[in-house]
Amino acid sequence: MANLRDGLLLGCGNPLLDISATVDDAFLAKYDMLPNNAILAEDKHMPIYKELVDKCNAEYIAGGSVQNSFRVAQWVLQRPKVAVFFGCVGKDKYSEILSEKATGDGVNVQYQYCKETPTGTCAVLITGTQRSLCANLAAANNFTIDHLKTPENEKFLKNAEFFYISGFFLTVSVESILTVAKNALSRDKLFMMNLSAPFIPQFFNGNLEQVFPYIDILFGNETETLAFAQTHNMETEDLKQIGLKIAAMPKQNESRERIVIITQGSDPVLLVRGGSVKEFPVEKLELAQIVDTNGAGDAFVGGFLAQLVQGHSYDICIKCGIWAARQIIQRSGCTFEGVPDFRA
């Protein structure tokens with residue numbers, strides 16, 4: 001732990017308050033939603049949040065992909081303020097809950113506050129062990145590059161050595177992502193991103209392509225990776241082949257090879273680097289042990305980052321990611337308790 005310090009890890013994302021509830025298939029159908037998918041809310045989805053609270057015994061959980069990953073990383077590290085998080089929230093009760101929860105978990109939140117728009121929310125619909133997400137970004141959509149350019153926040157940028165941004169943030173501020181990415185490049189630091197959801201490569205590929213050459217480590221699950229492959233006409237559904245093709249795409253920092261990490265639920269995690277693919281088995285949980293899969297991908301990244309900032313090998317990073325995801329899916333939402341007992 002000797003090499004840990006404040007602000008080593010920095011990220012941008014959409015801070016959202018998760019409104020989570022167990023629903024039936026008819027509820028999903030009512031809102032034209034699919035299990036195990038993530039979408040942005042349209043007008044037809046807006047009543048969903050109130051209905052979950054009024055009729056479905058919903059619970060509030062601090063959410064947002066990057067913020068979740070950082071909360072998990074902080075839990076694994078057991079040392080506060082290693083991670084600094086940027087995102088935009090409203091000036092309201094929801095942002096107070098978010099800030100209190102994330103700060104309590106050890107994350108240094110540096111929110112941009114928007115008085116005109118409420119804090120973003122995400123409906124988390126649990127059907128059995130599946131989860132479907134519907135995000136109403138609201139204030140999260142209003143993040144601006146000005147916030148990164150304040151003197152105090154520029155210090156955070158110059159101080160960090162590891163940078164992580166979700167694909168979801170591509171819908172909000174490409175300019176901010178490029179600022180973070182170019183800062184990482186100029187200082188030869190690691191810049192990491194997540195594909196986040198199939199709709200990102202499908203509908204925001206232009207934004208993704210602007211940022212892609214800067215990505216040193218790319219995370220994605222099997223459906224997101226397949227969506228990326230289709231968008232880029234890779235003409236294969238073999239995840240190993242896709243991973244190798246993604247790793248070989250043009251890159252700004254040629255002194256670092258691009259690493260691609262593909263998760264597949266309970267199937268092996270794929271680590272693509274140096275022209276080869278390594279598989280990491282995932283020990284299956286009994287169905288009765290799985291509470292919900294919401295946050296599993298975020299937790300994987302959190303466990304990975306916790307080991308990465310300590311200088312551990314990618315093998316150990318992935319094993320900790322798998323371990324962290326296992327902890328999270330045995331609980332409701334992206335939550336945890338007690339002292340982590342990960343052993344490499």
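Predicted model: local features only at pLDDT ≥ 70, side-chain atom pairs only at ≥ 80, totals over all residues.
Reader: Before we start, what does "buried" mean here?
Author: Buried means a residue has under 20% relative accessible area.

Reader: Okay, so are Phe219 and Phe304 buried or exposed?
Author: Phe219 and Phe304 are both buried.

Reader: How do their rings sit relative to each other? I'm asking what the angle of the planes is.
Author: The planes of Phe219 and Phe304 are at 90° and the ring centres are 5.1 Å apart, so this pair is edge-to-face. The cut-off for that label is planes over 60 degrees apart.

Reader: And where in the chain are those two?
Author: Phe219 belongs to strand S11 (residues 217-221), while Phe304 is in helix H12 (residues 296-308). They are 85 residues apart, so to speak a link between distant parts of the chain.

Reader: Which residues form the aromatic cluster?
Author: One cluster is made up of Phe70, Tyr164, Phe219, Phe300, Phe304 and Tyr314.

Reader: How many aromatic pairs does the structure hold?
Author: There are 16 aromatic pairs. Tyr111 and Tyr113 make one with centres 6.2 Å apart and planes at 80°, so that pair is edge-to-face too.

Reader: Is Tyr111 buried or exposed?
Author: Tyr111 has a relative accessible area of 6%, so it counts as buried. Tyr113 comes out at 40%, which means partly exposed.

Reader: What lies over the face of Tyr113?
Author: That's Lys91, at 4.7 Å from the ring centre.

Reader: Switching to helices. How do the axes of H3 and H12 cross?
Author: Helix H3 covers residues 65-77, and its axis comes within 7 Å of the axis of H12, crossing at roughly 45°. H3 and H12 are therefore oblique to each other.

Reader: Is that crossing left-handed or right-handed?
Author: The crossing of H3 and H12 is right-handed.

Reader: Now strands! How many residues of S2 are buried?
Author: Six of the seven residues in S2 (residues 16-22) are buried, which leaves the strand mostly covered.

Reader: Which way do S2 and S4 run, parallel or antiparallel?
Author: S2 and S4 (residues 59-63) run antiparallel, with five bridges joining them. Ser20, for one, has Glu59 as its bridge partner in S4.

Reader: What about S2 and S7, parallel or antiparallel?
Author: S2 and S7 (residues 120-127) run parallel, and seven bridges join them. If you want a spot to look at, Ile19 stands opposite Ala123 in S7.

Key
Residues numbered from 1 in each chain as written. Heavy atoms only, no water. Phe/Tyr/Trp six-rings, centres within 6.5 Å; stacked < 30°, edge-to-face > 60°. Buried < 20%, exposed > 50% of the residue type's maximum accessible area, 1.4 Å probe, protein only. Helix = DSSP H or I, 4+ residues; strand = E, 2+ residues; numbered from the N terminus. Lys NZ or Arg CZ within 6 Å of the ring centre and 35° of its normal. Pairing = 2+ DSSP bridges. Axes fitted to C-alpha atoms, helices over the stretch in contact; angles between N-to-C directions. Parallel < 35°, antiparallel > 145°, perpendicular 65-115°, else oblique. Left-handed = near helix turned anticlockwise from the far one by under 90°.
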